[in-house]
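User: I'm new to reading protein structures. Could you take me through the pockets, with a close look at the largest one?

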Amino acid sequence: MIVVVADDLTGAAELAGIAFSHGLTAEVQTGFNPKTDVDVICLDTNTRLLSAKDAAAKLRIIAKRIVAAKPNWIYKKTDSVLRGNIGIELHTLLEVTARPRAIFIPANPSRQRVVREGCYFIGNMPLHETYFANDPHHPATTSVVSQIIGNDPAILIPDAESESDLDGPARQCDSLVLAAGAADFFAANLHAQGHKPVPVITQPHSGCTLFVCGSMSAWANQRAQQCEAHGVPVCAMPGELLGQSNNPAALHDWVSEACATLAETKAVMLAIGRQKSIDHSALLEERIGHAMVMVLAQMEVGRLLLEGGATASAALRRMKWTHLRVAESAAFNLPGLEMPDTDTPRVFMKPGSYDWPETIWPSG
């Protein structure tokens with residue numbers, strides 16, 4: 001058994017998809033349960049938005065349970081643009097697993113996210129000069145990776161500008177090393193363990209598709225324009241719901257509009273919308289999750305596409321889904337997930353900073 005420890009839900013799902021794309025069975029869990037027959041458990045600890053102290057305390061309890069389950073190896077999944085309590089979480093896992101060092105590669109060269117001379121770049125732009133400098137929870141104030149995670153000498157941070165740069169560090173990840181970082185380094189570790197990629201075969205889908213987007217970075221990446229280009233109407237959260245006061249009538253009207261649009265077009269996106277700054281993002285994520293549940297209660301939906309880790313987490317809490325098994329791949333790192341033995345929509349989820357692949361958009 002391989003255990004992936006992620007600090008948010010979309011990160012856990014992303015690595016479950018990569019495991020599946022390497023011929024392994026995989027499951028996304030929101031509470032650690034080793035009594036499963038899958039090869040890979042991808043656990044969402046939901047610690048990204050906690051304080052550093054609370055994240056460490058929560059992770060310590062979880063890590064002790066993971067160690068007691070005696071997995072073959074553990075991978076610590078971190079955000080590919082260095083958001084979250086990365087330094088303290090790596091330090092906590094090193095302590096609980098009794099490992100003297102970690103090899104940490106947050107780079108995703110396959111997406112032009114690289115570490116060069118110790119600094120993080122997206123394309124040729126330093127991290128702190130990108131829109132991640134305006135992240136509402138973890139704004140990037142520097143591009144020096146070691147500074148971002150707290151300058152811990154036990155955490156080695158190799159440069160990585162190409163996927164081949166990951167192979168050597170992956171081979172060094174033995175029983176004394178904690179492997180940590182983004183998706184590309186996890187794939188390199190699977191390669192080092194002898195797991196080779198298998199062809200991704202997308203499955204045809206019929207029925208309605210509901211997109212749910214609460215990610216600000218997605219809007220910065222022109223998600224609304226992409227929806228328009230693919231013929232997917234956007235039902236944005238009405239202004240009456242953007243404040244801290246409840247407005248049941250506005251929620252009812254918003255959901256009714258989404259249901260009517262879904263019945264007509266077979267695809268719709270629920271979204272918070274183009275907000276430059278949000279002072280109460282958690283409240284809005286809960287509201288969009290509530291709207292999603294109301295739409296699902298009224299409409300037959302075949303596919304549910306969730307964008308943004310906090311949005312996905314709020315949605316799954318609303319649905320009381322605690323473990324989702326990979327049933328298919330829409331792309332190398334985008335799994336189709338389902339609750340075993342239930343008649344629920346096929347769920348796809350991803351970070352807001354990545355685009356949906358072409359395979360996921362409705363055709364025709």
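Analyst: Let's begin with a term: a pocket here is an open set of grid points with protein on both sides within 12 Å along at least five of seven lines, and lining residues have an atom within 4 Å of a point. Keep in mind that this is a predicted model.

The largest pocket holds about 860 Å³ of space. Its lining is made of 43 residues, and R83, D135, P136, H137 and M216 are the ones nearest the centre. The largest share comes from α11, with six residues. Sorted by class, the lining of the largest pocket has 15 nonpolar, 17 polar and eleven charged residues.

Let's follow one of those helices, α10. Helix α10 covers residues 281-298, and its 18 residues should span 26 Å at 1.5 Å a residue; the end C-alpha atoms are 26 Å apart, which agrees. Among its buried residues are L284, I288, A291 and V295. In an α-helix there are 3.6 residues a turn, so residues three or four places apart point the same way. The buried residues of α10 pack against β11 (208-213), α9 (248-265), β13 (267-271), β14 (301-307) and also α11 (309-319).

For comparison, look at the second largest pocket, with a volume of about 410 Å³. This pocket is lined by 24 residues, and H205, R303, W361, P362 and S363 lie nearest its centre. Here the largest share, three residues, comes from strand β15 (residues 323-331). By class, the lining of the second largest pocket has eight nonpolar, 13 polar and three charged residues.

Definitions and conventions:
Residues are numbered from 1 along each chain as its sequence is written. This is a predicted model: local features need pLDDT of at least 70, side-chain atom pairs count only at pLDDT 80 or more; totals for chains, interfaces and linings use all residues. Side-chain values use heavy atoms; hydrogens and water are left out. Helices (H or I, at least four residues) and strands (E, at least two) are DSSP runs, numbered from the N terminus. The expected span of a helix is 1.5 Å times one less than its number of residues. Buried means under 20% relative accessible area, exposed over 50%, partly exposed in between (1.4 Å probe, protein chains only). Contact means heavy atoms within 4.5 Å. On a 1 Å grid over the protein atoms alone, a cavity is a set of points where a 1.4 Å probe fits but cannot get out, and a pocket is an open set with protein on both sides within 12 Å along at least five of seven lines; lining residues have an atom within 4 Å of a point. Grid points are joined across faces, edges and corners, and a volume is the space filled by probe spheres set on the points. Ala, Val, Leu, Ile, Met, Phe, Trp, Tyr, Cys and Pro count as nonpolar, Asp, Glu, Lys and Arg as charged, and the others, Gly among them, as polar.
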